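The sequence and the coordinates are shown first, and a description follows.

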There are 2 protein chains.
Amino acid sequence: MNVRRTRYYCPVEFAVEVIGGKWAVVVLAHLKDGEHRYGELRRRMPEVSEKVLTTRLRELEDADLVERTSDGGTPPAVTYRLTPEAAELTPALRVLYDWGRRRAEHQGIPIEPVC
Amino acid sequence: MNVRRTRYYCPVEFAVEVIGGKWAVVVLAHLKDGEHRYGELRRRMPEVSEKVLTTRLRELEDADLVERTSDGGTPPAVTYRLTPEAAELTPALRVLYDWGRRRAEHQGIPIEPVC
DNA sequence: ACGTTCACGCACCACAAGGTACGTACTTGC
DNA sequence: GCAAGTACGTACCTTGTGGTGCGTGAACGT
């Protein structure tokens with residue numbers, strides 16, 4: 001994990017920098033329900049490119065938020081899961097999930113329930 | 001609020017898009033503790049430029065997450081507060097706050113407690 | 001042979017986020 | 001006069017996020 005600055009003025013500011021941006025949050029939201037294979041994440045997130053998905057997963061791994069395990073086969077079966085530390089964010093992710101569902105419903109935005 | 005896409009695959013994805021990025025989250029985190037004047041937000045967030053702070057506040061207002069009131073004087077006294085809908089995100093912001101504090105402490109990153 | 005699967009990597013690009021450096025206009029105090 | 005306060009706006013620039021379009025190599029199925 002590369003700390004961008006050496007001091008912060010707010011723990012939330014630090015937290016969102018550690019976690020990363022939009023797709024990182026969505027990845028964590030999927031993994032909060034249990035471990036996923038790469039392909040499974042890809043299917044659940046059809047709007048992100050493979051390049052970005054891979055990059056964000058690597059960053060989450062580097063930040064010790066995600067554990068990556070591979071069976072070493074060919075093709076490899078790679079599995080991602082939340083670290084215990086990242087799992088502590090689950091309550092926040094649940095709030096976001098419920099809030100987002102209510103908001104989308106209110107605005108008439110359809111959400112496919114594959115999350 | 002400008003919806004970027006017409007359908008989503010995950011409520012969390014939609015939520016983080018509505019809320020916006022890093023500085024928007026930090027603004028919400030400050031406002032969860034009560035209304036703030038513009039200058040107060042600026043002092044609590046010394047690492048963000050006025051331009052970006054103003055822009056993000058406008059976006060949060062447009063997304064109906066923040067209410068802006070002005071006394072119309074010169075110079076104006078402008079106050080920002082969370083909308084009831086945004087206030088529902090408070091539990092998530094609290095989780096982020098505590099998580100960020102613990103993580104920073106663990107990594108030896110100093111955080112000035114002005115948040 | 002080709003196509004599909006798996007989980008990536010590389011080259012290149014567009015645009016949003018975020019920054020700097022000014023500016024606005026009024027009021028108050030030195 | 002200038003400086004400071006208030007809360008912004010404008011022009012221009014840099015960097016990060018996210019994208020497209022390829023490619024890898026092994027195994028399996030048609």
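## Helix and strands of chain B

In this predicted model, helix 2 of chain B, which spans residues 22-31, is mostly covered, with 9 of its 10 residues buried. The buried residues of helix 2 of chain B are Trp23(B), Ala24(B), Val25(B), Val26(B), Val27(B), Leu28(B), Ala29(B), His30(B) and Leu31(B).

Strand 3 of chain B is likewise mostly covered, since 4 of its 5 residues are buried. This strand 3 pairs with strand 1 (residues 36-37) of chain B in the antiparallel sense, over 2 bridges. Within that pairing, Tyr80(B) in strand 3 is the bridge partner of His36(B). Strand 2 (residues 66-70) of chain B also runs antiparallel to strand 3 of chain B, and 5 bridges join the two. Here Leu82(B) in strand 3 is the bridge partner of Val66(B).

## The surroundings of DNA strand D

DNA strand D is surrounded by 21 residues, of which the closest are Lys51(A), Glu50(B), Arg68(B), Pro75(B) and Tyr80(B). By class, the surface near DNA strand D holds 8 nonpolar, 4 polar and 9 charged residues. Sugar or phosphate accounts for 68% of the atoms of DNA strand D within 4 Å of the protein, and bases account for the rest.

Several elements give two or more residues to the surface near DNA strand D: helix 2 (22-31) and helix 4 (50-62) from chain A, and helix 3 (38-44), helix 4 (50-62) and strand 3 (78-82) from chain B. Helix 4 of chain B gives the most, with 4 residues.

## Relation of the two chains

How can chain A be laid on chain B? A turn of 180 degrees with a shift of 0.0 Å along the axis does so, with an RMSD of 0.0 Å. This is the relation of a two-fold axis. In chain A, the C-alpha nearest the axis belongs to Ala92(A) and lies 2.0 Å from it. Both copies use the same surface, as 100% of the contact residues of chain A recur in chain B.

How values were computed: Residues numbered from 1 in each chain as written. Chains lettered and ligands numbered in written order. Predicted model: local features only at pLDDT ≥ 70, side-chain atom pairs only at ≥ 80, totals over all residues. Heavy atoms only, no water. Near = heavy atom within 4 Å. Nonpolar A, V, L, I, M, F, W, Y, C, P; charged D, E, K, R; others polar. Least-squares fit on C-alpha atoms with pLDDT ≥ 70 in both. Contact = heavy atoms within 4.5 Å. Buried < 20%, exposed > 50% of the residue type's maximum accessible area, 1.4 Å probe, protein only. Pairing = 2+ DSSP bridges.
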